[in-house]
Amino acid sequence: MKKINILIAVIVFSKGDKMEDKDLIKLSVKELVDMGVCPTCLDRRTNGGVYGDCTKLELYSDSDIDCMFVQNPRAVGHMMIGAQTHYHDFTEAPDELNAKIMRFAKQFAIIIKQVYKCERVYICTMSDGPMNHYHIQLIPRYPYEERGSANFVKPRKNYVHDENSVALIRQLINEYAKK
């Protein structure tokens, strides 16, 4: 059974107050999540109203998944693969989607290691809080970094765009996707 992505443009609160998307995008991601609003779905409905223009971050997209660099990465090459349809986490998603996400995660890990010369690529999903959008994160670990779970909580940095690396990654993942 396929879950259908339902777009809701107005959130109704217990007091009867209504918030439209134009008002919701003024709130922080934490406030949206705490209110039960999926920031990812809201961002898609509002063409970047929550996270801004992510065009430079995008690596691959199809009807099932989208793949992009993280805006505030824990390491160079930190990326995410998310479901197009809203699921809270992988336990709600169909097995076929989970399998596809894992296939792409494996291929992206191979590509990230090739392009960025990292030693390992860690994979995790942190679908917590009352509202989240299913995605996994791929976090590179470099030879000069300590091994272990501390890599999942490394300080975040600003994304630095490298057009040559992005172009190569896009080319390699699109070649993979055509197989």
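Me: What lines the largest pocket, by residue class?
Reply: The lining divides into 15 nonpolar, 14 polar and 9 charged residues. Nonpolar here is Ala, Val, Leu, Ile, Met, Phe, Trp, Tyr, Cys and Pro, charged is Asp, Glu, Lys and Arg, and the others, Gly among them, are polar. This is a predicted model, where local features need pLDDT of at least 70 and side-chain atom pairs pLDDT 80 or more, while totals for chains, interfaces and linings use all residues. Numbering starts from 1 along each chain as its sequence is written, and side-chain values use heavy atoms, leaving out hydrogens and water.

Me: How much space is in the largest pocket?
Reply: About 1100 Å³. A pocket is an open set of points on a 1 Å grid where a 1.4 Å probe fits, with protein on both sides within 12 Å along at least five of seven lines; lining residues have an atom within 4 Å of a point.

Me: Which residues are closest to its centre?
Reply: Of the 38 lining residues, Thr40, Tyr51, Met68, Met80 and His135 are the closest to the pocket centre.

Me: And which elements give two or more residues to the lining?
Reply: Helices H2 (29–35) and H3 (39–45), plus S3, S4, S5 and S7. Helices (H or I, at least four residues) and strands (E, at least two) are DSSP runs.

Me: Switching to the sheet: in what order do the strands lie?
Reply: The open sheet has 5 strands in the order S3-S4-S5-S7-S6, with antiparallel pairing. S3 (58–61) and S6 (120–124) are the edge strands, each pairing on one side only. Pairing takes at least two DSSP bridges between two strands.

Me: How many bridges join S5 to S7?
Reply: There are 4, between residues 79–83 of S5 and 135–141 of S7. Ile81, for one, has Ile136 in S7 as its bridge partner.

Me: Which strands does H5 touch?
Reply: Helix H5 (163–178) packs on the sheet and touches S3 and S4 (65–69). Contact means heavy atoms within 4.5 Å.

Me: What about H4 against H5, which residues meet?
Reply: From H4, they include Phe104, Phe108 and Ile111, and from H5, Leu168, Leu172 and Tyr176 are among them. The residues of that contact divide into 11 nonpolar, 3 polar and 1 charged.

Technical notes
Axes fitted to C-alpha atoms, helices over the stretch in contact; angles between N-to-C directions. Points joined across faces, edges and corners; volume = space filled by probe spheres on them.
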